[in-house]
Amino acid sequence: MFTTDKTYTPEKTQMSISSDMSICQSDYPIDWYQEAFIPYAEAYAALPDRKLTTILNWMKPYMEKAINHFGPNLLLLSHYYMGGEIVKLIEQFGGQIGDSYQLALMAAKHPEKSVIVESAVHFMAESISMLADKSQTVYITNPKSGCTMEMFAKDFMVEPAFMDLNERYGSENILPICYMNTSGRVKAMTGAQGGAVCTSSNVQKIVRWARQQKKKILFIPDRHMGENIAYWLGIDNLAYWPGGSEGAKYSLFNQDDKTLKQFDDAEMVLFSSECTVHTVYKASMCDYWKTQNFATVVHPECPNEVIKASDAQGSTAYIWDYVMHDKAHTQRYAIGTEHHMVLNLKEQAKQKGIEVVNLAEAKINQDKPALGCGCATMSRNDPPHLVGLLDSLRLGKNMDYNEVKAGDVVNEFSGMRQRLSKKDQQWIVTHAKLALERMIDITESK
Ligand code: SF4
């Protein structure tokens, strides 16, 4: 089994663009754009086709003006899960692609970059912002891009778990570990209680560290990743705190004796949110692809039955690296992760003679062929959003709507954000940083 305890820092993907490649993203209605971006959205809508070269030629004048204006101060970032066009285009303009761990470190690793523009989901931009220096400003191209796993683990949903577990067992006996896919508020609650952040690339290392503290671990927010880490590390006793609004209402003190005993015996309490993109996969899909001589590689947000049935498991960067370097020597891979990432990987691996399919395309039920699922919210960042934001910043416009600060709570329908006072923002930064820096120290240690 291939484990996830290394942090992979693959070289730049160097995604190449050819004139026959098209984008894999539908256009959004014009009224979905913030007012300032409507002229850009209209110009984009009027393009004759959706070939990458057409889009690139449209973007070029805007991008070059912004790049010349900001010079070396500008940093463009995107995540592997973004719809194909942005991840391919962003590298053409000197930007960088990473998984959530790699993105979080970008501001801190590049102190010279004062304007950071991220095309991914909000919690990723917030993590970059929390590790940024005061001289650096972080923007998200579309604030409506939230992560559904994070949305079902908001601070007010998670808080009762902290309160009740602390009350029953003593706060000195509860160690929270939160996945990168959480808000700054949840990261700060974790940091304030001595806990650490983890990512899919370092989760084994972080939970091993947590177990050495001999405390009950509160793992937030992904139930499946929690079950997978328990499986990898041999943790038998688990208890479950419901996710979403159920989590906000749940109380340990209303539970029957049997449930309370489960909590008393549990080495790890799992907060039960999940990613709908990764829960479409089934063990039978791995079994099918093995009969076709494909190696199966899946992300740790998949259900445990899929992890057990697959050949390799790891973070997004790990999967990319694994396939592009044909680590299984099969030249054929069935991938269980976000569909845009699979499409991008498929296109790039093809140029090396490597075949890639989505694990979900297994021919198990001929009547109803399954399809992989894209992260619809992340893909709300598209070329008009990127162009519109960069052009507006170049023109010196106030882009408050897109600026990301610690503790912001964004309404994913309107994109409007509730912002904390400067003092409260500072509390979030201080304590979330503790959790993030603990993660970095543990990850980078031997
Ligand atoms: S793929 Fe799932 S976990 Fe990742 S950002 Fe999208 S909704 Fe969140």
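## Ligand shell, sheets and loops of a predicted model

The residues around the ligand are Tyr-81, Val-121, Cys-147, Thr-148, Met-149, Asn-181, Cys-275, Val-277, Glu-338, Cys-375 and Met-378. By class, this shell divides into eight nonpolar residues, two polar residues and one charged residue.

**Nonpolar core**

The largest nonpolar core holds 130 residues, and those that touch the most other members are Ile-128, Ile-177 and Leu-359. Helix H19, residues 422-444, supplies the largest share of this core, with seven residues. Which residues does Ile-177 contact beyond its neighbours within four places in sequence? They are Gly-195, Ala-196, Cys-198, Ile-206, Val-207, Ala-210, Ile-217 and Phe-219.

**The sheet E2-E1-E3-E4**

An open sheet is formed by four strands in the order E2-E1-E3-E4, with parallel pairing. Its edges are strand E2 (96-98) and strand E4 (137-140), each of which pairs on one side only. From one strand to the next, the twist averages 25°. Strand E3, residues 115-119, is joined to E4 by four bridges in the parallel sense. Within this pair, Glu-118 stands opposite Ile-140 in E4. Helix H6 (residues 122-130) packs on the sheet and touches strand E1 (74-79), E3 and E4. The direction of H6 makes about 175° with that of E4.

**The sheet E11-E10-E12-E13**

Another open sheet of four strands has the order E11-E10-E12-E13, and its pairing is parallel. Here the edge strands are E11 (312-313) and E13 (355-358), and each of these pairs on one side only. Strand E10, residues 295-298, pairs with E12 in the parallel sense over four bridges, and Thr-296 stands opposite Ala-334 in E12. E10 also pairs with E11, again in the parallel sense, over two bridges. In E11, Ala-312 is the bridge partner of Val-297.

Are the faces of E10 covered or open? Both faces are covered: Ala-295 and Val-297 are buried on one side, and Thr-296 and Val-298 are buried on the other. Thr-296 therefore has 20 or more other C-beta atoms within 10 Å of its own, the requirement for a buried residue.

Helix H16 (316-324) lies across E10, E11, E12 and E13 and runs at about 160° to E10. Helix H17, residues 339-350, lies across E12 and E13, running at about 165° to E13.

**Loops and backbone geometry**

The loop between H16 and strand E12 (332-336) contains His-329, and Gln-331 is placed in that loop as well. His-329 has a positive phi of about 55° although it is not a glycine. Gln-331, also a residue other than glycine, has a positive phi near 60°. Why does His-329 count as exposed? It has 6 other C-beta atoms within 10 Å, and the limit for an exposed residue is 12 or fewer. Gln-331 counts as partly exposed because it has 16 C-beta neighbours inside 10 Å, a number that lies between the limits of 12 and 20.

A cis peptide bond runs from Ile-220 to Pro-221, with omega near -5°. Pro-221 is found in the loop between strand E7 (216-220) and helix H11 (223-233).

Met-416 lies in the loop between strand E14 (409-410) and strand E15 (417-418). Met-416 and Phe-123 are 293 residues apart in sequence, yet their C-alpha atoms are 15 Å apart in space. Asp-49 lies in the loop between helix H1 (38-45) and helix H2 (52-70). From Asp-49 to Ala-66 the separation is 17 residues in sequence and 25 Å in space, C-alpha to C-alpha.

|---|---|---|
| Met-416 | 13 | partly exposed |
| Gln-331 | 16 | partly exposed |

How values were computed: Residues are numbered from 1 along each chain as its sequence is written. This is a predicted model: local features need pLDDT of at least 70, side-chain atom pairs count only at pLDDT 80 or more; totals for chains, interfaces and linings use all residues. A nonpolar core is a set of buried Ala, Val, Leu, Ile, Met, Phe, Trp, Tyr and Cys residues joined through C-beta atoms within 7 Å. Two residues are in contact if their C-beta atoms, placed from the backbone, lie within 7 Å. Two strands pair if DSSP finds at least two bridges between them. Axes are lines fitted to C-alpha atoms, for helices over the stretch in contact, and angles run from 0 to 180 degrees between N-to-C directions. A residue is near a molecule or strand if its C-beta atom, placed from the backbone, lies within 6 Å of it. Ala, Val, Leu, Ile, Met, Phe, Trp, Tyr, Cys and Pro count as nonpolar, Asp, Glu, Lys and Arg as charged, and the others, Gly among them, as polar.
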